[in-house]
Amino acid sequence: MSDSQMSEICKFSYCISCLGAGYVGGPTMAVIARHCPEVKVTVVDINPEQINKWNSDTLPIYEPGLLEVVQNVRGKNLFFTTDSERAIRESDMIFVSVNTPTKVYGVGAGRAADLRMWESAARYIAKVANGPKIVIEKSTLPVRTAHSMKRVLESNDRKIKFEILSNPEFLAEGTAVRDLDQPDRVLIGGSSTESGTSAVAKLVWLYRHWIPERKIITTNLWSAELSKLVANAFLAQRISSINSISALCETTGADVQEVSRAIGLDQRIGMPFLNASVGFGGSCFRKDILNLVYLCEAFNLPEVAAYWNQVVAINEWQKKRFARRILEKMFNTIAGKKIAVFGFAFKKNTGDTRDTPALCVARYLLEERASLSVYDPKVTSEQIHCDFDDLTKAIFSDPASASRMVTVSQDPYACVVGAHAIVVMTEWEEFKSYDYVKMYASMSKPAFVFDGRNILDHDTLRSVGFDVSAIGKPFGSVIDMNS
């Protein structure tokens with residue numbers, strides 16, 4: 001290490017790094033850097049384009065408040081680089097936040113986590129490390145992965161010792177900065193050995209800079225690893241549960257929002273995650289539940305596996321049910337009709353489109369030969385076209401036809417011109433404030449609105465002239481008890 005590098009390190013009392021500059025690694029390290037000015041924080045990624053974006057004012061991900069945090073600490077004690085070897089060598093503590101997608105091949109395909117990138121990261125750390133390190137699992141991993149990673153790390157030929165900790169993230173996209181600043185809890189799992197206890201204490205010290213000690217929970221490695229999967233499974237379970245009830249509401253005349261409010265006021269249940277919608281998306285819920293299903297099957301617990309698998313099944317059914325509702329309401333034919341899709345991100349306040357319900361619903365609409373016009377305030381047209389690319393090629397044999405079936409609008413009013421229907425797929429707040437009188441005037445009649453997030457004023461839309469359908473709301477064939 002050069003004298004200038006040593007001089008730079010000496011400015012800080014501690015050095016940490018993070019392998020992976022994605023939705024977890026980037027925001028987490030930025031918030032740590034803000035609260036720990038004496039700690040040098042380095043974020044590493046093998047993708048130069050990703051790092052270039054983190055070093056610019058056009059970050060690779062959108063999170064409210066994130067740009068301001070990064071700008072305040074970048075170049076001071078927060079650094080983004082592709083030089084992984086230097087970052088590892090100068091760090092005392094290394095967070096690993098690489099992608100762990102679902103396997104698409106071999107044993108466990110479609111359910112088990114693909115750990116190739118995590119193992120590659122561990123092998124690289126073992127190869128270039130220049131002394132003992134604390135290595136922290138930040139990615140969502142199957143229970144007992146830490147044991148396998150420790151074996152990989154300590155198989156180095158220099159007998160370097162590593163301590164493995166599990167520190168799962170509990171962030172929600174769209175509120176990641178707030179969740180990091182004011183978490184419900186921080187979970188740290190480690191071994192009960194003297195060196196393991198010391199490593200846990202060091203990570204506790206880092207978080208104690210801004211988080212009260214009562215919110216920092218320490219446990220064993222296996223409990224920490226499993227807690228992340230179970231937390232996501234329970235949250236997804238609540239969504240699938242209320243979504244299953246939304247179908248019953250539509251056919252009985254009940255209102256799912258009124259039902260949600262009534263049961264949510266029970267302190268044993270609570271209000272969070274009881275908003276019925278077209279379905280959950282994102283990179284975590286489906287992947288983590290399927291991983292949990294695979295673990296249960298691997299440990300010969302088929303009944304438990306079947307229970308959790310049904311959470312995913314209900315979510316897929318809800319998306320198909322919503323798409324069928326669109327077809328049925330529009331006289332069982334949407335071929336050649338233009339449908340305006342409002343929102344493509346899987347939820348508001350993020351540009352993330354991974355496993356977005358919008359793409360699943362779009363598949364059914366395209367298979368019925370509708371043409372789609374998509375508008376989202378934060379997802380780029382390049383990302384939308386990229387997500388649709390394989391889908392349209394699979395449905396349409398003619399590439400020219402495929403390209404014509406999906407267009408991306410930069411303006412919501414242009415998006416609806418000539419459209420037969422508006423389909424709300426993301427709960428962006430701005431969708432509530434549009435001039436729907438103006439939109440109605442520019443659309444084909446009868447004009448439909450399908451609210452997959454229950455965010456619009458349905459009575460007002462009906463007074464304008466729209467035929468409105470919404471998740472968990474009674475529809476025309478339901479018997480009116482007042483008549």
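1. **Basis.** The model is predicted: local features need pLDDT of at least 70, side-chain atom pairs count only at pLDDT 80 or more, and totals for chains, interfaces and linings use all residues. Residues are numbered from 1 along each chain as its sequence is written, and side-chain values use heavy atoms, with hydrogens and water left out.

2. **H13 against H14.** Helices here are DSSP runs (H or I, at least four residues) and strands likewise (E, at least two), numbered from the N terminus. The axes of H13 and H14 come within 9 Å and cross at roughly 45°. That makes H13 oblique to H14. Axes are lines fitted to C-alpha atoms, for helices over the stretch in contact, with angles from 0 to 180 degrees between N-to-C directions. Angles under 35 degrees count as roughly parallel, over 145 as roughly antiparallel, 65 to 115 as roughly perpendicular and the rest as oblique.

3. **Residues of that contact.** H13 passes H14 in a right-handed crossing (the near helix is turned clockwise from the far one by less than a right angle). H13 supplies Lys 319, Lys 320, Phe 322, Ala 323 and Ile 326; H14 supplies Pro 357, Cys 360, Val 361, Tyr 364 and Leu 365. Contact means heavy atoms within 4.5 Å. The classes are eight nonpolar, no polar and two charged. Ala, Val, Leu, Ile, Met, Phe, Trp, Tyr, Cys and Pro count as nonpolar, Asp, Glu, Lys and Arg as charged, and the others, Gly among them, as polar.

4. **H14 against H15.** Helix H14 (residues 357-367) and helix H15 (residues 381-395) have axes that come within 11 Å and cross at roughly 30°. H14 is therefore roughly parallel to H15. This crossing is right-handed. From H14, Leu 359, Ala 362, Arg 363, Leu 366 and Glu 367 meet Asp 387, Phe 388, Leu 391, Thr 392 and Ile 395 of H15. Six of the contact residues are nonpolar, one is polar and three are charged.

5. **Backbone checks.** The peptide bond from Lys 445 to Pro 446 is cis, with omega near -5°. Pro 446 sits in the loop between helix H18 (436-442) and strand S13 (448-451). Asn 300 is not a glycine, yet has a positive phi of about 60°. Its loop joins helix H12 (285-298) and helix H13 (302-329).
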